[in-house]
Amino acid sequence: MSRLQVVSGKGGTGKTTVAAALALALATEGKRTLLVEVEGRQGIAQLFETEALPYEERKIAVAPGGGEVFALAIDAERALLDYLQMFYKLGGAGRALKKLGAIDFATTIAPGVRDVLLTGKACEAVRRREKQGGFTYDHVVMDAPPTGRITRFLNVNDEVAGLARIGPIHHQAQAIMGFLKSPDTAVHLVTLLEEMPVQETADGIAELRATGLPVGRAIVNMVRPHVLDEAALRAASGAHRDAVAGALVSAGVKDGALLVDPLLDEAAEHARRVELERTQRAVLDTIGVPTYELPFLGDGADIAGLYRLARALRAQGVGEQDTGGQSTGGQSTGGQSTGGQSTGGQSTGGQSTGGRGTGRQGAGA
């Protein structure tokens, strides 16, 4: 199983929520995962209802079975200071450069330096070992930039390695790129069953494949349950006003005639939504990438919701079989979501160390 799980997606698809749920799922049964963010939005802290994450690894949740989820907000300036100390032993000088504003200049202006530092820090966490020899983390999950930027973000090390022909920067960029293009990495794209997110996912997967980056899964988020059977869907699409009105009157519903139009409008909208999802799911099938599906959480992605999404991922094989690697096509393993509405409250599957979350499922995307 790939040890670095990169999660991207079009804005509004809920990629941060999915990344958090994936980290919880991979930590189940005593594992340790690190959830990192690289965009400086503090989306992870908001989801777990904890204070802003510092530039240090901090435990934020306990997974079912005693596993642990740690989190880190990678800061490019601090990562550059680490880099200067690690390769040039310039810890003190680096701090002096920071006071002069040179560090901020380098991470803001120098082409690609910021992305190299962010990806490099994540790869360092994946490769880090304890004194006993085992890996510090079983998995690292990265809440990465959106789909439109993900290929350039991950591939920038290749460009930097080409510019810097020799020296530590060249070797560091080459090492990072080698890891990112290996089976140890999987890049997942989060989507909704809507036309624009699905098209952007298809385009993103094509770009990743063209650069040799390993495609993992298309993760379909916020899948709504189908509450009407086929016959009801056909009825909702036709002219059945009189029949519905008669049924309401026969059932003794007060002011039933006044409810007919709103009910038929709701049913027709549901029918349109079901047809749209069928169409977009068929488009996803043509991309040749296996999928996971996650249910829509009506009450938003609170702590209980995150654990519920993690359980849904575990039910589809996360943590028990390959969760990525180079995509070779195939059919969806997600199928129809079994979800419905979030029940809120405290999770019975584990606990967060940060308190109750109040985020939306699509927030921080």
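## Strands E3 and E4

Val62 has Glu68 as its bridge partner in strand E4. The model in which this pair occurs is a predicted one. The bridge belongs to the antiparallel pairing of strand E3 (residues 58–62) with strand E4 (residues 68–73), which extends over four bridges.

Together, E3 and E4 make a hairpin in which five residues lie between the two strands. Gly65, located in the turn, adopts a positive phi of about 90°.

## Strand E2 and its partners

Strand E4 also pairs with strand E2, here in the parallel sense and over six bridges. Within this pairing, Glu37 has Ala73 of E4 as its bridge partner. Strand E2 additionally runs parallel to strand E5, to which five bridges join it.

Strand E2 spans residues 32–37 and is mostly covered, with five of its six residues buried. In general, the side chains of a regular strand alternate between the two faces of the sheet.

## The aromatic pair

How many aromatic pairs does a search of the whole structure find? The search returns one. Its members are Phe70 and Tyr137, arranged edge-to-face, with 5.8 Å from centre to centre and 65° between the planes. Phe70 is part of strand E4, whereas Tyr137 belongs to the loop between helix H6 (113–127) and strand E5 (139–143), so the pair ties together parts that are 67 residues apart in sequence.

Are the two residues, Phe70 and Tyr137, buried or exposed? Phe70 has a relative accessibility of 13% and counts as buried, because the cut-off for that class is under 20%. Tyr137 is likewise buried, at a relative accessible area of 2%.

## Packing of helices H1 and H13

Two packed helices are described by the angle between their axes and the distance between the axes. For helix H1 (residues 15–27) and helix H13 (residues 303–315), the axes come within 8 Å and cross at roughly 65°. The crossing of H1 with H13 is right-handed.

On the H1 side, the contact comprises Thr17, Ala20, Ala21, Leu22, Leu24 and Ala25. These residues meet Leu306, Tyr307, Leu309, Ala310, Leu313 and Arg314 of H13. By class, the residues of this contact divide into ten nonpolar, one polar and one charged.

## The surroundings of Asn157

Asn157 is a residue of helix H7 (residues 147–163). Its relative accessible area is 0%, and Asn157 is therefore classed as buried. Leaving aside residues up to four places away in sequence, Asn157 touches Val116, Thr119, Ala173, Ile176, Met177 and Leu180.

## The chain as a whole

The protein chain contains 13 helices and nine strands. Of its 365 residues, 51% are buried. Where contacts connect residues at least 6 apart in sequence, 77% of them join residues at least 24 apart.

Strand E4 takes part in the antiparallel pairing with E3 and in the parallel pairing with E2, and Phe70 of the aromatic pair lies in E4. Strand E2, in turn, is joined to E5 by five bridges.

Notes. Residues are numbered from 1 along each chain as its sequence is written. This is a predicted model: local features need pLDDT of at least 70, side-chain atom pairs count only at pLDDT 80 or more; totals for chains, interfaces and linings use all residues. Side-chain values use heavy atoms; hydrogens and water are left out. Axes are lines fitted to C-alpha atoms, for helices over the stretch in contact, and angles run from 0 to 180 degrees between N-to-C directions. A crossing is left-handed if the near helix is turned anticlockwise from the far one by less than a right angle, and right-handed if clockwise. Contact means heavy atoms within 4.5 Å. Ala, Val, Leu, Ile, Met, Phe, Trp, Tyr, Cys and Pro count as nonpolar, Asp, Glu, Lys and Arg as charged, and the others, Gly among them, as polar. Two strands pair if DSSP finds at least two bridges between them. Rings of Phe, Tyr and Trp (its six-membered ring) pair if their centres lie within 6.5 Å; planes under 30 degrees apart count as stacked, over 60 as edge-to-face and the rest as tilted. Buried means under 20% relative accessible area, exposed over 50%, partly exposed in between (1.4 Å probe, protein chains only).
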